[in-house]
Amino acid sequence: MKISNYVLMLSKVLLLALSATATTVAFAASQEGAIARGEYVYDIGGCASCHTKDTPLAGGVKLVTEFGTFFSPNISPDAQYGIGGWSNDQFIKAMRQGISPEGEHYYPAFPYTSYANMQISDLLDLKAYLDAQDPVSEPNLAHDVGFPFNQRALLGVWKLINTGHQWTPDLSQSESWNRGSYLAHGPSHCTQCHTPRNFTGGLQKDTGMVGNKNGPEGESVPPLFDVNKLAFGGWSEEDIAFALEIGMTPAGDFLGGSMSDILENTTGKMTAQDIQALAEYLYTLNNS
Ligand code: HEC
Ligand code: HEC
């Protein structure tokens with residue numbers, strides 16, 4: 001081999017090695033970005049309210065519903081007891097379709113009817129964040145659900161009635177209005193408590209967030225929307241934002257019940273921009 005060819009080849013090898021390192025570094029950096037973004041998706045999704053009793057992500061939170069008592073599962077990256085080793089596709093299918101890697105239907109006590117509206121990019125970031133947490137080797141507790149609700153196959157029929165409607169942006173509205181609408185109908189699942197339910201326990205989507213007399217644990221949930229403009233009784237956009245951030249109403253009352261979990265784990269962790277987006281969305285809904 002001529003010396004010049006040899007040098008050329010060597011520099012090519014060097015270049016290849018260099019670009020491989022650059023790719024690895026870029027991958028690590030993008031992975032770090034995904035984990036940081038995923039932590040925020042975890043917060044706006046309020047996952048901690050249901051999946052953290054004592055140890056983060058270990059589950060074991062008791063959820064009492066009309067259909068039975070559920071215990072949230074371990075969603076830490078533990079390979080035996082958690083969701084360690086799940087592929088991105090398996091995770092997205094669980095979150096958006098309520099179907100487990102074994103092909104079984106999840107109970108809607110897991111609010112996948114809202115998470116179905118989440119963007120794939122948000123879900124991939126969320127998965128990167130979950131994968132980066134400490135695994136917890138704690139087994140799941142069995143749900144206490146009587147017949148016929150203990151038949152998971154029946155949930156296929158339930159889904160035919162209660163799923164299939166996808167959130168879409170309203171292009172006549174502002175970007176922040178749409179962000180607020182996305183949060184309410186998707187990750188932050190405000191509809192799960194503020195929208196009334198039909199006799200099968202599914203959301204009455206046509207009515208919107210008009211309140212639910214029989215909310216979680218039998219408590220009454222106030223409306224966030226009323227066609228007669230009676231929701232919020234004259235709150236300004238700033239009043240709504242303040243209530244979501246601090247939990248205090250213009251009358252000086254503190255919001256409690258199951259809303260306190262949301263204030264602690266969801267809206268209380270939102271950026272000022274996202275709080276503002278939710279406030280704009282809710283205010284416009286009631287004042288136009
Ligand atoms: C209102 C309570 C609630 C919230 C909020 C919630 N989950 Fe769950 N989740 C559940 C319940 C209950 C189940 C079990 C469903 C079943 O067994 O059919 C579950 C199941 C799961 C599963 C399936 C686990 C397995 O082992 O098969 C995953 C994954 C999951 N949740 C992730 C999340 C993530 C991520 C968030 C936040 C974006 C979240 N959940 C928010 C209640 C909740
Ligand atoms: C787990 C059930 C639950 C979820 C999910 C939920 N809320 Fe609530 N919300 C409640 C309950 C219960 C109250 C009543 C609290 C009280 O009166 O002390 C309430 C009250 C409120 C109020 C005060 C309304 C008024 O007229 O006093 C606002 C505003 C509100 N919620 C907004 C939201 C938004 C925005 C979301 C989504 C980010 C959300 N909520 C998600 C249960 C829920």
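Author: The account below begins with the model as a whole, turns to the helix packing, and then treats the remaining parts.

The model is predicted; local features need pLDDT of at least 70 and side-chain atom pairs pLDDT 80 or more, while totals for chains, interfaces and linings use all residues. Residues are numbered from 1 along each chain as its sequence is written, and chains are lettered from A and ligands numbered from 1 in the order in which they are written.

The secondary structure of the protein comprises 11 helices and 2 strands (DSSP runs, H or I of at least four residues and E of at least two, numbered from the N terminus). Along the sequence the order of these elements is α-α-β-β-α-α-α-α-α-α-α-α-α. Taken along the principal axes, the box filled by the C-alpha atoms is roughly 85 × 45 × 35 Å. Of the 288 residues of the protein, 31% are buried (20 or more other C-beta atoms, placed from the backbone, within 10 Å of the residue's own; 12 or fewer is exposed, and in between is partly exposed). Among contacts with a separation of 6 or more, 61% link residues 24 or more positions apart; a contact requires C-beta atoms, placed from the backbone, within 7 Å.

Two packed helices are described by the angle between their axes and the distance between the axes. For helix H7 (residues 175–185) and helix H11 (residues 272–286), the axes come within 7 Å and cross at roughly 90° (lines fitted to C-alpha atoms over the stretch in contact, with angles from 0 to 180 degrees between N-to-C directions). H7 is therefore roughly perpendicular to H11, a term that covers 65 to 115 degrees. On the H7 side the contact is made by Ser176, Trp177, Arg179, Gly180, Ser181, Leu183 and Ala184. Facing them in H11 are Asp274, Gln276, Ala277, Leu278, Glu280, Tyr281, Leu282 and Thr284. By class, the contact of H7 with H11 has 7 nonpolar, 5 polar and 3 charged residues (Ala, Val, Leu, Ile, Met, Phe, Trp, Tyr, Cys and Pro are nonpolar, Asp, Glu, Lys and Arg charged, and the others, Gly among them, polar).

Helix H6 (residues 155–162) is hardly covered, as the count of buried residues among its 8 residues is 0. Asn162, which lies in H6, is partly exposed because 19 C-beta neighbours lie inside 10 Å. Apart from neighbours within four places in sequence, Asn162 touches Thr113, Thr200, Gly202 and Leu203. Between the C-alpha atoms of Asn162 and His185, which are 23 residues apart along the chain, the separation is 14 Å. Just after H6, Gly164 has a positive phi of about 110°.

The loop between helix H5 (120–131) and H6 contains Pro148. The peptide bond that joins Phe147 and Pro148 is cis, with omega about 5°. Most residues other than glycine have a negative phi, and most peptide bonds are trans. The loop between H8 and H9 holds Lys229, whose phi is positive, near 60°. Phe232 is also placed in the loop between H8 and H9 and has a positive phi near 65°.

Strand E1 (residues 62–65) and strand E2 (residues 68–71) run antiparallel and are joined by 4 bridges; pairing needs at least two bridges found by DSSP.

The ligand shells complete the setting. Around ligand 1 there are 20 residues, of which Gly45, Cys47, Cys50, Tyr106 and Phe110 come nearest (a residue is near if its C-beta atom, placed from the backbone, lies within 6 Å). Helix H2 (residues 47–51) gives the most to this shell, with 4 residues. The shell around ligand 1 has 14 nonpolar, 6 polar and no charged residues. Around ligand 2 there are 27 residues, with Cys190, Cys193, Gly257, Ser258 and Met259 nearest. Helix H8 (191–194), helix H9 (237–246) and helix H10 (259–265) each supply at least two residues of the shell around ligand 2. That shell divides into 15 nonpolar, 11 polar and 1 charged.

Key:
Parallel < 35°, antiparallel > 145°, perpendicular 65-115°, else oblique. Contact = placed C-beta atoms within 7 Å.
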